[in-house]
Each structure stands twice: as C-alpha cells, then as structure tokens.
Amino acid sequence: STSEVKSISSDGGEDMGLHTVIGDEGTVCDGESSGGSNMGLDNLFGEDNSNEGDNTSSNGSDMGLDGLFGEGKDDDYDDSDREDVGLGPLISDDDNKIDKDNRSSEPMGRFVFETQCDTPSSGLYRSIFELARDSVQATPVIALTPLFQTAVKAGEHLVSLDSSGNSDFCFADALLESLGMVIEILFSVLEDISNSSTWMYMLNTMCNLIFNPKLLELEYERQVAGQPKKTPIFSAFERLMRLAGGTKPHISTVAVSKISVAWAFQKDSNSSDMGLCAIPYRTHIASLLIHKECKLDDSTANQALSKNQWDKLLPKQTHYLSITRGFVLLFLSKLPDANEMCEIVLKDLVHFIILYLLDNVCCAKVKAGDIFISGSVEYAKRSRAWQALCLLHRFVTDDIALLVASRVFQAMSMNSHGQIRYFMEIFTIQGIRKHPHHFGEHLAKEIRRADLSLQYLSSLMIIGGNVIANPRYQSEFFTASTSQRVKDILCGVIPWLSSTQGFSRAIAQLLVHKLIPIVADTSLI
C-alpha cells in the first residue's frame with residue numbers, strides 16, 4: 001500500500017473510463033485516464049495481492065460480445081454403419097403406440113408437443129428420454145459418448161423448433177420439460193466420464209446447447225407469467241455453479257462465458273431489452289462479481305484451459321484467476337446507459353446489483369474470526385465489490401441516489417485498506433458529479449463532524465479537494481459564488497491543520513490552500 005496522495009483526474013469533466021481504475025488489487029493504481037471517455041475493460045481485472053502481471057493498459061479498445069465465444073468441439077458421432085433397429089421393442093405401453101393411419105408428414109417435434117399438451121400420456125419422446133436417462137448407469141463406458149451425442153442432437157432439434165404462433169404456454173411447457181429430460185441425461189453422462197479432455201468437450205457442448213438466448217427468454221416469459229416451476233436452464237446453471245464451487249474454476253468459466261452471451265442478447269439493434277434474460281440470474285451475477293478463484297497447483301488438470309483459452313476472448317491484462325468475473329464485468333459494460341435502457345432491466349437487474357453489493361459486502365461488518373488482511377478472502381470480496389461499483393456508477397439514477405450515498409459514506413467510515421479506500425473515493429467522486437445534491441450534502445455534513453477517524457477524514461478531504469479545486473472534477477454545486485458549502489467544508493478542515501498525524505495534516509494544509517482563494521479575494525495579498 002502507499003500513503004501518498006494520488007491525483008484523480010479525467011478529461012474535460014466527462015465520465016472517466018476504468019482502464020487504470022481497476023488494476024492489480026495489491027497495488028494502488030493511478031486514476032489518470034487518457035481521454036476521459038468511457039473505455040473498455042483492458043485493465044479491469046487484476047488479481048488480489050499478486051505481482052504476476054502488469055496491469056497497465058496499453059490499448060484500451062472496447063471489444064464486443066459478438067462472435068466472442070467459439071463453439072465447442074463438434075466431433076459428430078458417425079452412425080452411418082449402425083443398423084436401424086426401430087423403436088418397437090422400446091415402447092410396449094399401449095398408451096404410447098402411434099396410430100399409423102394418423103401418421104402424417106408433420107415434423108416429429110410437432111407430434112411430441114401435441115401429444116404432451118392434449119393427452120395424459122407423455123408422448124414418444126418422453127418415453128425415449130426416460131429410457132435413456134435410466135439406462136445411463138448400465139451403459140458401457142465406450143457407449144457413453146454416443147449416448148451423449150444422441151441426447152445433444154435431440155436437444156438441438158428441440159431448440160430449433162419454431163415457437164411462433166403458439167400464443168398459449170402449452171408449447172413452452174412441453175419444450176422446457178423435454179429439455180429438462182435431455183439435460184438430466186447430459187449430466188448423468190458427465191458424472192460417469194473420467195477422461196479429462198472428453199469431459200471438457202462434453203461440458204462445452206452442453207453449455208453451447210442449453211445457454212441459448214431463445215431458451216433463456218422462454219424461461220423468463222414463463223416466470224413473468226407466474227409459472228416459475230419449469231426452469232431447466234436456470235437449474236442447470238445453478239447445478240454447474242455448485243459443481244464448480246471454489247476449487248474447479250474451469251467449470252464456472254465455461255458456463256459463464258457461454259451464458260453471458262445469452263444475457264447480452266437483444267432482438268434487434270434498436271431494441272432496449274438487452275439484459276432482460278439476466279434478471280432471474282441477478283443474485284448469481286452479484287455473487288460472481290466478488291468471486292475469487294482458487295490458485296491451481298502445477299499438477300492440476302485443465303490448467304492449460306484456464307490460463308490460455310481465454311486470451312483472445314477477454315481484454316488484455318485480464319488475470320487468469322479473474323476470468324469468470326471478467327466475463328460478468330464485460331457483460332455489464334455492454335449494457336446501454338441508464339436513459340437508454342429498458343426500465344425493467346435498470347430497476348430489477350442493475351439497481352438490484354448495486355444495492356446488493358453495498359448492503360451485503362461493502363457495508364457489512366467483518367465477522368468475528370475472519371481475517372481482513374491483504375490477499376484474504378474478505379479483502380478480495382470488498383476490493384472486487386468496489387471495483388464493480390466503479391463500473392456501475394453510470395447506472396445510479398435519482399431513484400436510488402440517496403440510498404446509495406448514505407451507504408457509501410457509511411462504508412467509508414469503516415476502517416479499510418488503502419487499496420480498497422481508493423476505489424471508494426473514485427466511486428464517490430463520480431457520484432458527486434452525477435448527483436451533487438445527494439452526495440454533496442452528505443460530504444458537507446460529514447466533514448464537519450468532530451469524531452471522524454483519520455482514515456475517514458483523509459478520504460473526505462481527498463474527495464472534497466477533487467470536486468472543489470480540481471478543474472476536471474469541479475462541481476458547480478460547491479464552486480458557485482453564492483454557495484455556502486465551500487465555507488462549511490473549509491470550516492471542517494481548518495481544525496485538522498494541527499493534527500498530530502502527518503498524513504491527515506498534509507492533506508488538510510493542501511486543501512485549505514486550495515479553498516481559501518475560492519472563498520476570499522487573495523489578489524491584494
């Protein structure tokens with residue numbers, strides 16, 4: 001950590017980018033931005049207490065999500081030499097027999113959904129899927145891959161079915177139910193696969209299949225309609241996250257890299273519904289923003305995948321232990337501005353994430369027994385939460401500005417590390433620039449308190465100096481000739497000129513030197 005005062009500047013009063021805001025968490029980054037414009041996330045994701053990479057961005061280009069993630073390996077199973085044994089021996093129940101006279105040229109998928117919607121029987125596909133699922137445990141190892149590929153082909157067929165013209169939810173229920181059975185088969189096969197490369201191929205293939213924007217949209221519409229029971233895609237994502245835990249980052253990375261594309265899906269370029277499908281996953285997104293991946297041993301399997309596969313998919317200087325978080329931040333960075341965003345996405349997704357991070361991480365007291373030192377889990381959570389908030393500051397609207405301001409100053413009053421406090425100050429400065437009445441009033445009130453800790457006082461004076469005396473951050477809320485707020489802040493700072501703590505005294509002297517010419521005419525002195 002450093003004890004010197006860092007200059008926080010951007011260009012021309014525009015929203016600052018995050019190239020140099022969020023770097024390696026073990027080092028305080030210089031908050032200087034080269035252009036003052038919204039930039040990419042090149043230097044956004046550093047690893048806690050790590051000197052393994054230089055987090056200085058040299059490019060700053062902003063990459064999109066289109067074409068970002070390649071499809072998984074597609075080694076189609078060659079069944080050209082297999083004999084077609086038919087379905088007769090498999091289905092003996094009279095309820096599942098097909099009437100040959102009524103068999104037409106309609107697609108099989110149409111027959112399946114009509115059967116499931118209009119009759120008590122489960123239909124032909126349901127019987128086949130149930131047999132396949134129950135037979136996984138008795139399937140020889142050599143036949144697991146063909147079984148997996150067959151289930152994938154069935155799932156691809158279900159996804160490709162056209163849902164247009166189905167005004168009721170019968171089609172959606174049947175589709176999601178059938179996909180749920182396919183997903184169960186895929187997970188059952190994964191449990192029995194021991195080969196590492198085959199397992200990763202199957203994981204990629206399964207994620208490519210199930211994390212489809214069409215399916216996420218279908219599930220969201222069902223939940224909005226009050227039918228949240230059938231959510232096989234959401235359940236599969238939760239299952240993958242539990243399987244990954246904190247020791248298998250290659251699983252969570254693959255899953256998040258695929259689903260983040262679906263989250264960012266929009267029906268057309270002029271649509272404002274980007275992020276709509278991510279609303280059911282908002283708690284998971286907030287948790288992934290503070291996720292700390294474990295450091296793998298040299299002998300760990302799939303390590304090459306974790307370190308090398310994502311080099312071309314994420315911004316430069318992304319630490320290999322922050323890949324999962326990187327995809328989530330990249331998704332959030334691509335969301336449109338608050339005034340262009342769908343109101344539902346703004347309130348139910350982005351505002352929820354902001355308040356969740358403030359309430360559950362930033363303002364939460366350190367639990368008894370938890371270690372809060374540089375590199376610890378608690379340190380990583382708080383540091384990553386404030387980094388994410390620096391990215392999300394543009395979504396703070398008047399609706400939640402007062403709530404956010406009160407929580408920010410509450411968190412700032414708590415003892416914290418200098419590296420974490422740096423991001424607090426960055427976020428607060430941006431908040432004052434966008435909402436001076438809410439954040440500025442809190443600043444003027446807090447700095448006049450006589451019971452401030454030295455850490456809290458130093459942060460308040462740094463923030464006040466930037467928004468009052470720094471031309472690039474100056475706010476008319478404080479600098480207006482009729483404003484009494486600058487005098488109030490000056491009155492709160494002057495007593496600290498005689499502080500016994502050198503750092504606080506130095507900041508107070510610098511701030512008083514900058515503020516006096518604003519409140520008094522010094523030209524004759």
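H417 is partly exposed, its relative accessible area being 22%; here buried stands for under 20% relative accessible area, exposed for over 50%, and partly exposed for what lies in between, with a 1.4 Å probe and protein chains only. The structure is a predicted model, in which local features need pLDDT of at least 70 and side-chain atom pairs count only at pLDDT 80 or more, while totals for chains, interfaces and linings use all residues. Residues are numbered from 1 along each chain as its sequence is written, and side-chain values use heavy atoms, with hydrogens and water left out.

H417 sits in the loop between helix 14 (398–412) and helix 15 (418–434). Helices (H or I, at least four residues) and strands (E, at least two) are DSSP runs, numbered from the N terminus. With residues up to four places away in sequence not counted, H417 touches F372, I373, S374 and Y379, where contact means heavy atoms within 4.5 Å. A separation of 9.8 Å is found between the C-alpha atoms of H417 and R382, which are 35 residues apart along the chain.

Turning to the protein as a whole, 20 helices and zero strands are found. Of its 525 residues, 51% count as buried. Among contacts with a separation of 6 or more, 72% come from residues 24 or more positions apart. The accessible surface amounts to about 24,600 Å², and carbon and sulfur atoms hold 49% of it; such areas come from the Shrake-Rupley method with a 1.4 Å probe, and for residues only the protein chains shown count as cover.

Two helix pairs may now be looked at in turn. Two packed helices are described by the angle between their axes and the distance between the axes. Axes are lines fitted to C-alpha atoms, for helices over the stretch in contact, and angles run from 0 to 180 degrees between N-to-C directions. Angles under 35 degrees count as roughly parallel, over 145 as roughly antiparallel, 65 to 115 as roughly perpendicular and the rest as oblique.

For helix 17 (residues 454–469) and helix 20 (residues 502–519), the axes come within 10 Å and cross at roughly 25°, so the two helices are roughly parallel to each other. Among the residues making this contact are L457, M461 and I468 of helix 17, and F503, I507 and L511 of helix 20. By class, the contact holds 12 nonpolar, four polar and one charged residue; Ala, Val, Leu, Ile, Met, Phe, Trp, Tyr, Cys and Pro count as nonpolar, Asp, Glu, Lys and Arg as charged, and the others, Gly among them, as polar. F503, in helix 20, is partly exposed at 28% relative accessibility.

In the second pair, the axes of helix 4 (residues 170–192) and helix 6 (residues 213–224) come within 11 Å and cross at roughly 120°, which makes helix 4 oblique to helix 6. Contributors to the contact include D173 and L176 of helix 4, along with L218 and R222 of helix 6.
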